[in-house]
Amino acid sequence: MLSVLKKNLPLKLFSLFLALFLWVVINRGTGGKEMEISLGIPLELHNLPSEMEVVVGPVERVDVRFSGPRRIVSRISQMGITIPLDLSGAVEGETTFELYPGDVKVPERTTVTRISPSSVSLKLERTIQKRLPVDLVIKGKPAEGFMAGDPVVDPPTVEIRGPRSQVKPVRSIKTAPVIIDDAVETVTVDVSLVMPDPLLRVAGKPKVTVTVPITPVKTKIKEGNQN
């Protein structure tokens, strides 16, 4: 048996070495067919200046065409590739970014042949704050024989933050509805504040405490004539 294994040993070792070499070459992507693929690559905003906000964002993804060895290119979608947009030094107003193949970090032996669109724009505004009264929203009515008194909200005002153009027109902030249907006693609840625009937020606690007094209706008793 041993003599059979030793027969033509140099040739067998060479064949084994050649097979291993070809396997390494193919799996490293230096061999095999080339391919191209187009993928939607997300944009990432970096270094947004403090007290500045994006009011009109760029497209979420751009179409990027990759070229390279099939084994590598076919796996690009799993690599979490993004295109960073550096906002350092950006000022209020509209900013346009040109997109270049070099902006995309790709694996070795892979190239970017096209980016579409080749430029993207966004709009920035300065962040401002404003203190506003809380506008209560009460819905429903107490049970028969009971009445609602003047509601109290704590705190009566809140401070909001957001882009300048969205904050300035706002005059008050509404609460989520406070339901007092069929109530027979004072209602005290924590309710959320409803922002009139998704770019606005409360600078502090996002809820207020609302108290609606519920008391019995006072009735007058008529006295009959005494004989």
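Helices (H or I, at least four residues) and strands (E, at least two) are DSSP runs, numbered from the N terminus.

View 1. Welcome to a predicted model, in which local features need pLDDT of at least 70, side-chain atom pairs count only at pLDDT 80 or more, and totals for chains, interfaces and linings use all residues. Residues are numbered from 1 along each chain as its sequence is written, and side-chain values use heavy atoms, with hydrogens and water left out. Of the 227 residues, 28% are buried, meaning under 20% relative accessible area with a 1.4 Å probe and protein chains only. The protein exposes about 15,300 Å², an area from the Shrake-Rupley method with a 1.4 Å probe; carbon and sulfur atoms supply 56% of it. Take the contacts (heavy atoms within 4.5 Å) between residues at least 6 apart in sequence: 75% of them join residues at least 24 apart.

**View 2. The largest nonpolar core has 23 residues.** A nonpolar core is a set of buried Ala, Val, Leu, Ile, Met, Phe, Trp, Tyr and Cys residues joined through side-chain atoms within 4.5 Å. Val62, Val64, Phe66 and Ile83 touch the most other members of the largest one. At least two residues of this core come from each of β1 (34–46), β3 (61–69), β4 (83–86), β6 (111–116) and β7 (119–135). With four residues, β1 gives the largest share. A second, separate core holds 20 residues, among them Val134, Val153, Ala183 and Ile214.

**View 3. Here are the surroundings of valine 64.** Setting aside neighbours within four places in sequence, valine 64 is in contact with Ile37, Ser38, Leu39, Ile41, Ile83, Val112, Arg114 and Ile115.

**View 4. Serine 67 sits in strand β3.** Its relative accessible area is 15%, so serine 67 counts as buried. Look around serine 67 and, not counting residues up to four places away in sequence, you will find that it touches Glu34, Met35, Glu36, Val73, Arg109, Thr110, Thr111 and Thr113.

**View 5. Strand β1 pairs with β3 and also with β4.** Two strands pair if DSSP finds at least two bridges between them. With β3, the pairing of β1 is antiparallel and spans nine bridges; in β3, arginine 61 is the bridge partner of proline 42. With β4, β1 runs parallel, and four bridges join the two strands. Histidine 46 stands opposite aspartate 86 in β4.

Conventions: Buried means under 20% relative accessible area, exposed over 50%, partly exposed in between (1.4 Å probe, protein chains only).
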